[in-house]
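Here are my notes on this model, as numbered points. Please read them beside the structure.

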Amino acid sequence: MTEKIIMLSDERARAPAIPAALEPATGDLRDALARPLHDLRISITDRCNFRCVYCMPKEVFDKDYQYLPHSSLLTFEEITRLAREFVAHGVEKIRLTGGEPLLRKNIEKLIGMLAELRTVHGKPLDLTLTTNGSLLARKAQSLKDAGLNRVTVSLDAMDDAVFRAMNDVDFAVADVLHGIDTAHAAGLGPIKVNMVVKAGSNEQEILPMARYFRGTPHILRFIEYMDVGASNGWNMQDVIPSAEIVRRIGAEMPLAPVDPNYTGETAARWRYADGRGEIGVISSVTQAFCKDCTRARLSTEGKLYTCLFATRGHDLRALLRSGRTDAELSAAIGAVWRVRGDRYSELRTVNTDGLVRSGERKVEMSYIGG
């Protein structure tokens with residue numbers, strides 16, 4: 001029997017030190033490579049009702065899998081308090097993730113609390129959410145009413161049999177598409193649709209996905225299969241390079257490159273030559289974009305991670321629950337970010353067999369969020 005070793009909870013994380021001098025936030029926090037802090041991704045639950053083969057494979061996340069107890073999760077008030085300090089350091093975009101974030105009870109309350117925050121320039125946050133779409137039709141209007149701006153929906157195939165095999169819980173494509181339509185009607189757009197492409201599993205769905213979403217208001221994005229965590233059995237042979245995806249689509253539906261919307265945008269943009277929309281490709285494996293990465297990640301239980309491929313985090317919950325002041329929280333966040341030098345994907349691109357970090361295991365995507 002294969003031993004199961006997954007990072008359920010990052011017990012190695014320690015609370016970051018509080019600097020002796022509490023340097024106030026300036027709204028322009030830079031890391032060791034001069035990258036600003038602009039985006040914050042917050043995982044609000046480690047639970048998910050899908051068992052996608054590239055994220056929470058059923059043979060690891062089975063019926064005996066122990067989720068985090070509710071007392072370990074950050075409360076909505078704690079999330080909002082931390083978010084306020086990140087915003088003071090320059091964050092302008094917050095994305096709620098999971099697990100499946102719509103499984104968190106009363107998520108609308110959290111969205112309403114975050115929607116009241118303002119950037120250092122006095123503007124509302126770009127408040128977004130990533131979902132597998134299973135509960136979207138039911139929740140779309142209430143999410144919009146609470147203050148959510150946009151959603152990103154995961155969908156890995158148009159063929160129902162392929163999609164059911166990918167999500168491994170027999171969930172139908174039609175139900176996800178219904179969720180997308182409902183979210184669009186509620187005004188949660190422009191909607192982005194993310195397809196993780198894994199060789200031998202769903203690569204034959206690249207063109208059907210492109211054909212379906214071409215000419216719609218939605219933006220389809222193809223994501224290279226990544227080595228996040230330690231449970232998905234990642235192998236470089238399973239990666240279909242983004243350049244090949246663009247080539248396949250462009251051979252049938254000609255494409256032209258488009259400039260990024262902003263520095264640090266994860267997806268390279270391509271528009272259809274006939275004007276019927278655009279696609280994006282996220283090439284973390286073959287064309288690393290670490291040099292422009294502006295994203296911090298907050299786990300379900302309050303650990304701060306400075307890279308999607310991190311092996312350990314910084315325990316902000318410990319600071320929250322030990323009575324630290326806002327000034328101390330802000331200074332601790334600043335101290336962590338200023339020394340950030342993460343560039344995992346650039347190093348892995350040099351060594352495409354995978355980067356081994358002294359035998360340490362990376363945190364799971366279901367724990368840290370995408």
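1. Arg81, Leu82, Glu85 and Phe86 of helix H1 contact Asp326, Leu329, Ser330 and Ile333 of helix H9. Contact means heavy atoms within 4.5 Å. Helices (H or I, at least four residues) and strands (E, at least two) are DSSP runs, numbered from the N terminus.

2. This is a predicted model: local features need pLDDT of at least 70, side-chain atom pairs count only at pLDDT 80 or more, and totals for chains, interfaces and linings use all residues. Residues are numbered from 1 along each chain as its sequence is written, and side-chain values use heavy atoms, with hydrogens and water left out.

3. How do H1 and H9 pack? Their axes lie 10 Å apart, at an angle of about 60 degrees. Axes are lines fitted to C-alpha atoms, for helices over the stretch in contact, and angles run from 0 to 180 degrees between N-to-C directions. The pair is therefore oblique: not under 35 degrees (roughly parallel), over 145 (roughly antiparallel) or 65 to 115 (roughly perpendicular).

4. H1 (residues 76-88) also packs on the sheet. There it touches strands S1 (39-43), S2 (93-97), S10 and S11. The direction of H1 makes about 165 degrees with that of S1.

5. The sheet is open, with 12 strands in mixed pairing. The order is S7-S8-S9-S6-S5-S4-S3-S2-S1-S10-S11-S12. Strands S7 (255-258) and S12 (314-315) are the edges, each pairing on one side only. Two strands pair if DSSP finds at least two bridges between them.

6. S10 (residues 295-298) and S11 (residues 303-305) pair antiparallel over 2 bridges. Leu298 has Leu304 in S11 as its bridge partner.
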